[in-house]
Amino acid sequence: MVKKINDAIEKADSIGIGGHIRPDGDCVGACLGFYYYLQTKFPEKTIHLYLEYVQDEFQFLKFAECILTEADGEFLEKPYDIFVSLDCGDAKRLGFSELLFHNARVTINIDHHVSNPDFAKLNYVLADASSTCEVLYHIIDKEYMDTNLAQALYTGIIHDTGVFKHSNTSRKTMEIAGDLMSYQIPFSKIIDETFYQKTYLQNQILGRCLLESMMILDGKCIVSSVSKKMMNFYGTTPKDLEGVIDQLRVTKDVEVAVLIHELDTQKYKISMRSNGEVNVSKIAILFGGGGHIKAAGCTLFGTLHDVINNIGAQLAAQLEK
Ligand code: 5GP
Ligand code: MN
Ligand code: MN
């Protein structure tokens, strides 16, 4: 498949790249890494990268200023020869660039979500890989590896592995990260400034979420929710909630953490993290979402009470087994 993908890219004149909505570190690292690689290898091709937005902490990555957002309005050009979806469990996750994906002559799906249904013409999905950046490492021609590319891929790997701590971290992940480190990347700075650093506001919202959390299912599950009102009060955006779910998950004796974020009236984004006993991907898929066994999400409609009941019932069913 790697050869097929590389052959298709070689033949294309125009290439579009897109990552998922609310892009995380793996998504941004994969998109900017692949964009940089293609630009360097094929300077004669037309290559465009589409993302919803890029968080400030990732602006140091090479070509971050070249990202096209929906506001740039450049996305209704003629169809691309190839459109590459990165880090998306399904095509819907592409958001505004989904249209470009479907219009392209050849579609490529490079990802690592177990729930990925191989939605493109050419699919390279490694469910065992820690991150899409780890998958990309197998695709790129090592001749073009340099500091810029290495730091983009390294950023993605540390984000999806929680700095090499989640169970998706393998020996292979460490070997790849080790190789990337040999390209003189500022790894401590990347880890501190893109992963651990929080703004004052982010700490405040984290504090509120922890204070207002509740334990259900005999303490096996911790649930917290964030209302639109609370978000407005602090002036926070959804990206400020990153890391909240991880702090909930490390609560002693908890098997599953659930963070419920109100997107709109009776519309909630659910994030779930499991410590192993529960397969949260199964629950997310049941409600139209997806993800991994230990980290998954979906969107639910109804009152907050309905949402907690629906998710709680599924968690209870799995915990009983
Ligand atoms: P998070 O809770 O951080 O938003 O997402 C956890 C994991 O589940 C990520 O790998 C993400 O890609 C996936 N995920 C979250 N929400 C959705 C969704 O609505 N649909 C799909 N297919 N995957 C999701
Ligand atoms: Mn992602
Ligand atoms: Mn990922």
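These legends describe close-up views of the ligand sites in a predicted model.

**View 1. Residues around ligand 1.** Ligand 1 has 14 residues around it, and His113, Lys269, Ser271, Arg273 and His292 come nearest. By type, the shell holds seven polar, four charged and three nonpolar residues.

**View 2. Polar atoms facing ligand 1.** Histidine 113 places a polar side-chain atom 2.9 Å from an oxygen atom of ligand 1. A backbone N or O atom of glycine 290 lies 3.4 Å from an oxygen atom of the ligand. For glycine 297, a backbone N or O atom is likewise 3.4 Å from a ligand oxygen. The protein buries 83% of the 490 Å² that ligand 1 exposes when taken alone.

**View 3. Strands and domains at ligand 1.** Strand 9 (267-274), strand 10 (290-291) and strand 11 (295-301) each give two or more residues to the shell. Strand 11 supplies the largest share, four residues. Ligand 1 lies between domain 1 (2-196) and domain 2 (200-320), because both give residues to its shell.

View 4. Histidine 20 is buried, at 4% relative accessible area. Aspartate 24 is partly exposed, at 21%.

**View 5. The two manganese ions, ligand 2 and ligand 3.** These ions are 3.5 Å apart. Aspartate 87 coordinates both.

Notes:
Residues numbered from 1 in each chain as written. Chains lettered and ligands numbered in written order. Predicted model: local features only at pLDDT ≥ 70, side-chain atom pairs only at ≥ 80, totals over all residues. Heavy atoms only, no water. Near = heavy atom within 4 Å. Polar contact = N/O pair within 3.5 Å; in protein donor to acceptor, adjacent residues only side chain to side chain. Areas by Shrake-Rupley, 256 points an atom, 1.4 Å probe, with all protein chains shown as cover. Nonpolar A, V, L, I, M, F, W, Y, C, P; charged D, E, K, R; others polar. Domains from an automatic or database assignment. Donors = N, O, S within 2.8 Å, 3.2 Å for Na, K, Ca; no water. Buried < 20%, exposed > 50% of the residue type's maximum accessible area, 1.4 Å probe, protein only.
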